[in-house]
Amino acid sequence: MSFSFDGGQRRGFAGDTLASALLASGERVFGRSIYHDRPRGIVAAGRDEPCAYVQLGEAGQSEPMQQATRVEIVEGLVAAPLAGIGSLAAEADPDRYDKVHAHCDVLVVGAGPAGIAAAWAAGRTGARTLLLEDDSALGGQLLGVAAESPGAAGRTWLDEKLAEIATFRETRVHTRTIVSGLYDGGSVYALETRIRPGEAGAPGVSARRLWQIRARQLVLAAGALERPVAFSGNDLPGVMLAGAARMYLNRFGVRCGEQAVVFTTNDSAYSAALELHRAGCTIKAIVDTRDDPRSVFVSRAREAGIDVRSGSAVAVAHGGDGIEAVTVGRLLGESSVVSELDALDCDRLLVSGGWDPQTQLLRQVGARMVAQGASSGFGIETPPPASTLAGACNGTFLLGTTLSEGPAAGERAALAAGFRAEPVVVPDVAEPLEEAPRPVFFVAPPDGDLSSCYVDLHRDATVDDVQRAVGAGLTSIEHVKRYTSAGTGAEQGRTATVNVAAVTAELIGAPLTEVGLQSARPPIIPLAFGAMAGRHRGDLYEPVRVTPIHSWHVEQGAVFEDVGQWKRPLYYPLDDEDLDAAVLRECAAVRAAVGMVDASTLGKIDVRGPDSVEFLNRVYTNAYENLAVGACRYGLMCTLDGMLFDDGVVMRLGEEHFVATTTTGGAAAVLDWMEEWLQTEWPDLDVYLTSVTEQWATIAIVGPASRDVLGRLTEIPLDNESFPFMGIRHGVVADVPARVSRISFSGELAFEVNVEGLSGLAVWDAIWQAGQPEGITPYGTETMHVLRAEKGYVIVGQETDGTVTPVDLGMDWIISKKKSQQFVGKRSLRREDTARPDRKQLVGLLPHDHKVRLPEGAQLVLDQSEPVPMRMVGHVTSSYDSVALGRTFALALLESGSDRMGETVYAPLEGRAIAAEVTGPVLFDPENERRDG
Amino acid sequence: MLLISCPWCGERDEVEFHYGGESHIAYPDDPEAITDDAWGEFLFVRNNPSGEFRERWLHTHGCRRWFNLLRDTSTHEIVRSYRMGESADQSSGAERESD
């Protein structure tokens, strides 16, 4: 297969990773490091890789920060090395992403020997079992074991079990699926790669799939990762983890190095050394920290003629763009200092500092870690509820032990989920025992310079950095992490965290367990935003709500605005009118003749039951017992702290039947609020609430000619006597049963026609046709806002922000004075702070310059020449140009506003200040002479 | 992500619910009769324990019923869910299924 790397064409084989293909072609320098700009090579073979990061793909499919060790090569793959930072694509991603919600009895994370065995044992009980593996292949560490390695019986047994698993109806196995996060209650997120980067996908198939899994039981079989050792020059290209070299050799047929030195603290690296030796690589020496290693692995190495240097360590790696030689010495006692130095030439240094169980997932949910003496890594103290560990992530490294531990874990998990099976028979696996390691985390160079002893190759953090952090007084591992940034990289410091903890522990003289490990957080690998969004993008990002009349607005070329999830016409431009021009025209038409507005988005809550009046008396600030059937009343709703929450009109349709309207954006919150009080505080009230917002279309006909227009469509008497202001009448409008009310949000004579939603468009059209003689003008929300502001009517959420009381708005007249009426928030209105006379109060503002419009949100001051910081006494809440007033005006909240009538306030802006006179908020028709036509 | 047992619907994912703060805060018998301080205490002051906590939840995307949950704030373990008007000690609450 051919692919592109760093602009050049390369070749590899199917099954190669980007890393294995590059190593096979002799690549040693992969890229540069993030801060120190040092050359870096490939260090690992899996998701622990700290250096070899690439940007994949082009244009919208470009994906940053992918590990070359996890990228499978496909024909035509494009990759470029990154120095620790990628870049997001500027173009939209054409790939499809989706999500799956899954439930299972047993989730097994990791398909190495322990995971396969556990999934088999759980699956055979009939438990719904999910086995997820990050790699493209099953087998875990066994993929990197030479064919002639011990334990063949175990490997055969696992192959049989995999074949058996394929026959289980309730067991599913997914490769290329990385479990990225574990949350409470067995909630798990996993990312499946379904189309590999660079691969041509099939139509309709998602490139990535985010699994959201709820598992009753979790078996963590995520294995272990090899730990490097920090010594001088340990970041040089050619310094590689011993297990990685073994994996490249056995799985990918890539021999790393011609002349290698092996540096180890344990037996595992001996297998790597022997297998490389057999493959033709000269092993110059195995440098072993242990004083007297004598296991069968050591004997075999000696038999093969390999120089084993016990009680020794590599102190320095030398080289320019890659390792050329190492300085080796004898460790002095228990210290990290070496003496009796010797130099060895080499082109590879294979390192094994030990193996760390991969427990991040359990640490994400707060599992405590303890240092494990013998293996020198950390293990989980107590697994969280409903979870079990098996295999290397449990500190079990022998295949034979794993093959009894895995099935036991799977069976236990299935049993806990309510499934039982016959006992399991596992094979005897003949394999030699390993000797205890002698952990060494870092080696001090002879010159004492710790600034090239790297503890985190990804973040370019050194032992010197940790020393400075500790020197600055930081002893918590979380603080050391933030000071040095060690462990904060995209790979979450998989090769770094234990060494940082160990170096910190040594420097502050505390036990490793006490220092502990840095916290682990999801996601385990960088997750593409596209995967998190899934199908929720573009048109599916958020639901869009439209009224039954929407198509008419679209045909008329309305410009829409979003109000909550609703699309509402903002204005209806004629020709090439802009917002301002259209609004002046719409306002003029309404005040002079007639306009119509689609008010269907207003929330409508049907209130029924014998205690409806009492209920309304409690949630609104005014009283409802004296509201006649067939009449309506404007009401305010406060939160418990006395602040205005919502407003609307309550219509009484029967003795025990009301409809309450709410603001468009507040409908759901008001219904929730009402339900909350009914259910939690007043369960004794017999009241039923139903949202009927979408069942009704509401059309307001507004202006002096509205009576004439509506009169052409209905037999309902519309004169003031028969149909007074705030009255409700039932009848037929445009051949459709209708509920008509005389409500005005503009100060003009107005009728609100409510019809069944499905008839909304037909009735709208009929009114439109009937109004043609008067030139009926459809208007949008902006005109509606100007008309109401001219009358000083507030909009909840525009004049208010949760800190404004009805009294602040001058609406005391809507607050019941009756002692017995205890509405929500009443007591708060006389709290000392809420009753202050110098609170911000609603006022009108008239800019001295009639043409200047105050910006909404502008702060107000009393003295424009005051030096900064000026004393801010209020802010502009609404501001418009008014055709009715022939000038600009604004509404504002102003400290002691009601006492400042006639005073001048200033809105200081960049380079200028706008002066405005304070007035009352009602600027148009203060006597309400237009209301009845 | 919690797995919450609604006393009406059974175990459901946390995304179906809304949190409603501390439960069992008694509304004052006569708000007009108490001091500003006492009213302020009722309005704004809530417990924030590390450990078991009685709290209100709303099954928004389900039965739309409010109910109580006894939950450990340090482990996120849900001890019990029970209906409005019931006490956390009552065994009539829906016991969590063992895990």
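This is a predicted model: local features need pLDDT of at least 70, side-chain atom pairs count only at pLDDT 80 or more; totals for chains, interfaces and linings use all residues.
## Basis

Local features need pLDDT of at least 70 and side-chain atom pairs count only at pLDDT 80 or more, while totals for chains, interfaces and linings use all residues. Residues are numbered from 1 along each chain as its sequence is written, and side-chain values use heavy atoms, without hydrogens and water.

## A sheet in chain A

Five strands of chain A (DSSP runs of E, at least two residues) form an open antiparallel sheet in the order E33-E34-E35-E32-E36. Strands E33 (632–638) and E36 (688–691) are at the edges with a single partner strand each, so one side of each has no neighbour in the sheet.

Strand E32 (residues 603–608) pairs with E36(A) in the antiparallel sense over four bridges; pairing requires at least two DSSP bridges. A:Arg608 has A:Tyr688 in E36(A) as its bridge partner.

## A:Ser312

A:Ser312 belongs to strand E19 (residues 312–319) of chain A.

## Chains B and A

The contact involves 24 residues of chain B and 25 residues of chain A. About 2300 Å² is buried between the chains, with 44% from carbon and sulfur atoms; this is the accessible area (1.4 Å probe) lost on being put together, summed over both parts.

Five salt bridges cross the interface (Lys or Arg side-chain nitrogen within 4 Å of an Asp or Glu carboxyl oxygen). One of them joins B:Asp13 and A:Arg214 at 2.7 Å, N to O.

Methods:
Chains are lettered from A and ligands numbered from 1 in the order in which they are written. Contact means heavy atoms within 4.5 Å. Buried area is the accessible area (1.4 Å probe) that two parts lose on being put together, summed over both.
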